[in-house]
Amino acid sequence: LAGGRLAPRQCKRAAILEGEIKSTALQDVVGNDWAIASVPGITQVKNLHVWAGILDWLKRIGARTVLVIFDNEEHGDPKLASFRPQLEDRFEAEIWARVCAVRLEREGYDARVGYLPDEWRNQSGKVDWDSALAAMLQAGKPKAEIRSAFENVLQTAIRIHELGKAKLFEPAAERIISDRVAVLTYEPALP
């Protein structure tokens, strides 16, 4: 678990991203209003060691609201290098963000999933926090405008139980995502 260089020691609001540079970029923009940390890869939320680190960090800083925001990448456009022909292979970041949020909710946190806007994607069809920051700085946007844009992403994160109603994905895609999340977060009721 890696945190930004300005990560506060106490904070009620936290966000979990993928990648150390991304967490540093977001932490530098939002300052002490949020505690930001990253996992070394989206599937690492299933790693027991990484998961223990997440829970320890959240407890240590006193977080109550936790957002999970992974990269936004277009996998449905055949013109892009990231294209994945099978519909069910296009939603890994979304699936693992939801898996993390479900697990956090089970631990008693107000867990939400956030989304980097499609409009921020680069010509390769991808956006992450550090590339968004670089693009905004390169475009000459003032720091206050950048902070406001980043804060808007954080503030509009959606609770896990409201995601299906949010209609962020087409029905077939939402079904694939929901089914995979259900399988990956399944806990048997009997010992």
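Visitor: What covers the buried residues of α4?

Guide: The cover includes β2, α1 (20-30), β7 and α5 (143-155). Here contact means heavy atoms within 4.5 Å, and the element names come from DSSP runs numbered from the N terminus (helices are H or I, at least four residues; strands are E, at least two). This is a predicted model, in which local features need pLDDT of at least 70 and side-chain atom pairs count only at pLDDT 80 or more, while totals for chains, interfaces and linings use all residues. Residues are numbered from 1 along each chain as its sequence is written, and side-chain values use heavy atoms, with hydrogens and water left out.

Visitor: Which residues of α4 are buried, and how do you know that they line one face of the helix?

Guide: W129, A132, L133 and M136 are the buried ones. Looking down the axis of α4, these buried residues fall within an arc of 100°, so they line one face. The arc is taken from the directions between the helix axis and the C-beta atoms. Just after α4, G140 has a positive phi of about 80°.

Visitor: Why does D128 count as buried?

Guide: Buried means under 20% relative accessible area, exposed over 50%, and partly exposed in between (1.4 Å probe, protein chains only). D128 has 8% relative accessibility, so it counts as buried. D128 sits in the loop between β7 (126-127) and α4 (129-138). Leaving aside residues up to four places away in sequence, D128 touches K22, D71 and L116.

Visitor: What makes D77 partly exposed, and why does P78 count as exposed?

Guide: The relative accessible area of D77 is 22%, so D77 belongs in the partly exposed class. P78 has 59% relative accessibility and therefore counts as exposed. D77 has its place in the loop between β5 and α3, and P78 is in the loop between β5 and α3 too. For P78 and V30, 48 residues apart along the chain, the C-alpha separation is 35 Å.

Visitor: Why does K167 count as exposed, and what is its phi?

Guide: K167 reaches 70% relative accessibility, so it counts as exposed. Its phi is positive, about 55°, although K167 is not a glycine. This residue lies in the loop between α6 and α7.

Visitor: What makes a set of residues a nonpolar core, and which residues have the most contacts inside the largest one?

Guide: A nonpolar core is a set of buried Ala, Val, Leu, Ile, Met, Phe, Trp, Tyr and Cys residues joined through side-chain atoms within 4.5 Å. The largest has 37 residues, and I16, I54, W57, L58, F70 and L104 have the most contacts inside it. The element that gives the most to this core is α3, with 8 residues. Apart from it lies another core of 21 residues, among them A15, W129, F150 and V153.

Visitor: Which residues lie nearest the centre of the largest pocket?

Guide: N72, E73, D118, R121 and F169 do, out of 30 lining residues. The largest share of the lining, 4 residues, comes from α3.

Definitions and conventions. 1 Å grid on protein atoms, 1.4 Å probe; cavity = no way out; pocket = protein on both sides within 12 Å on 5 of 7 lines; lining within 4 Å.
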